[in-house]
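Open the model in your viewer and keep the sequence panel beside it. Each stop below says what to select and what to look for there.

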Amino acid sequence: MWITLKLLPSSICMAENLERLETYISSLVKDLFAEKRQKGKISLVHDIDHVKAVADYGSTAAEFFASKHNLSPEERKRISKVAAVTGWCHDIVREATETSPHGSECKKYLERLYNIDHTIPFLVSEETWNIIGDVVGSHELGFDAITEKYENRPIPELCIAQGIVVGDKLVEASGPRVLERRSFLLRSHSKYFLSYLGILSNKS
């Protein structure tokens, strides 16, 4: 049951710490998924290995797309970190058997979480957290659809959204273990993945 009392003001983050935020969120998601696994409310296909892989691949993809927009190294790194947190969150309340799309429910969960958690508001601004939630709410779209939805948004938001959709769809299609084996055969994770991203970037 959710606590509805707002415990903290909405804007208390003086300086974002995305490194710590990713560490905190990944730990929170791991604990949540462990509890869901014990209750049989999570599928093997979308277990913790899936969200970790989407965080990793989505982060790499978002930074790659950012590099196509002549953004500074600092901005590309920030985009990568925000995408990583988004990847950890993208299936946060997905059930083992779905009867309706889960993106919107995950977004609502994140909105409530920001208001009741004692740590998140100190690590990230509400504005950035809302960007994460919006991408999570839209991540079930395809690459073309997400690109169209975000084409008039700020470039960082577009890159994060594209990165998460690519990471999620690639992991769902292949599974993290298959991607690891392909990467091993090519001697490089990035060599395989970036070649795939290059095809997408040319398409878009």
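**Whole chain**

Bear in mind that this is a predicted model. Start with a cartoon of the protein chain. Its secondary structure comes to 10 helices and 0 strands. Read from the N terminus, the elements run α-α-α-α-α-α-α-α-α-α. Now colour by accessibility. Of the 204 residues, 49% count as buried.

**Helix 2 and helix 3**

Select residues 48-67 for helix 2 and residues 73-89 for helix 3. How do the two axes lie? They come within 7 Å and cross at roughly 155°. An angle over 145 degrees counts as roughly antiparallel, so helix 2 is roughly antiparallel to helix 3. The crossing of helix 2 past helix 3 is right-handed.

Show side chains next. On helix 2, the contact is made by Ile48, Val51, Lys52, Val54, Ala55, Gly58, Ser59, Ala62, Glu63, Ala66 and Ser67. Helix 3 contributes Arg76, Ile79, Ser80, Ala83, Ala84, Gly87 and Trp88. Colour this contact by class: it has 10 nonpolar, 5 polar and 3 charged residues.

**The loop residue Asn70**

Move to the loop between helix 2 and helix 3, and pick asparagine 70 there. Check its backbone. Phi of asparagine 70 is near 55°, a positive value in a residue other than glycine. Is asparagine 70 buried or exposed? Its relative accessibility is 73%, so asparagine 70 counts as exposed.

A search of the whole structure finds 3 aromatic pairs. Begin with phenylalanine 64 and phenylalanine 65, whose rings pair edge-to-face. Their centres are 5.7 Å apart, with 75° between the planes. Phenylalanine 64 is buried, at a relative accessible area of 15%. Phenylalanine 65 is buried too, at 3%.

**Helix 4 and helix 6**

For the last stop, select residues 103-116, helix 4, and residues 126-138, helix 6. The two pack at an angle of about 160°, with their axes 7 Å apart. Helix 4 and helix 6 are therefore roughly antiparallel to each other. Helix 4 passes helix 6 in a crossing that is right-handed.

Which residues make the contact? From helix 4, take Gly103, Ser104, Cys106, Lys107, Leu110, Glu111, Leu113 and Tyr114. From helix 6, take Glu126, Trp129, Ile132, Gly133, Asp134, Val136 and Gly137. By class, the contact of helix 4 with helix 6 has 7 nonpolar, 4 polar and 4 charged residues.

Terms used. Residues are numbered from 1 along each chain as its sequence is written. This is a predicted model: local features need pLDDT of at least 70, side-chain atom pairs count only at pLDDT 80 or more; totals for chains, interfaces and linings use all residues. Side-chain values use heavy atoms; hydrogens and water are left out. Axes are lines fitted to C-alpha atoms, for helices over the stretch in contact, and angles run from 0 to 180 degrees between N-to-C directions. Helices (H or I, at least four residues) and strands (E, at least two) are DSSP runs, numbered from the N terminus. Angles under 35 degrees count as roughly parallel, over 145 as roughly antiparallel, 65 to 115 as roughly perpendicular and the rest as oblique. A crossing is left-handed if the near helix is turned anticlockwise from the far one by less than a right angle, and right-handed if clockwise. Contact means heavy atoms within 4.5 Å. Ala, Val, Leu, Ile, Met, Phe, Trp, Tyr, Cys and Pro count as nonpolar, Asp, Glu, Lys and Arg as charged, and the others, Gly among them, as polar. Rings of Phe, Tyr and Trp (its six-membered ring) pair if their centres lie within 6.5 Å; planes under 30 degrees apart count as stacked, over 60 as edge-to-face and the rest as tilted. Buried means under 20% relative accessible area, exposed over 50%, partly exposed in between (1.4 Å probe, protein chains only).
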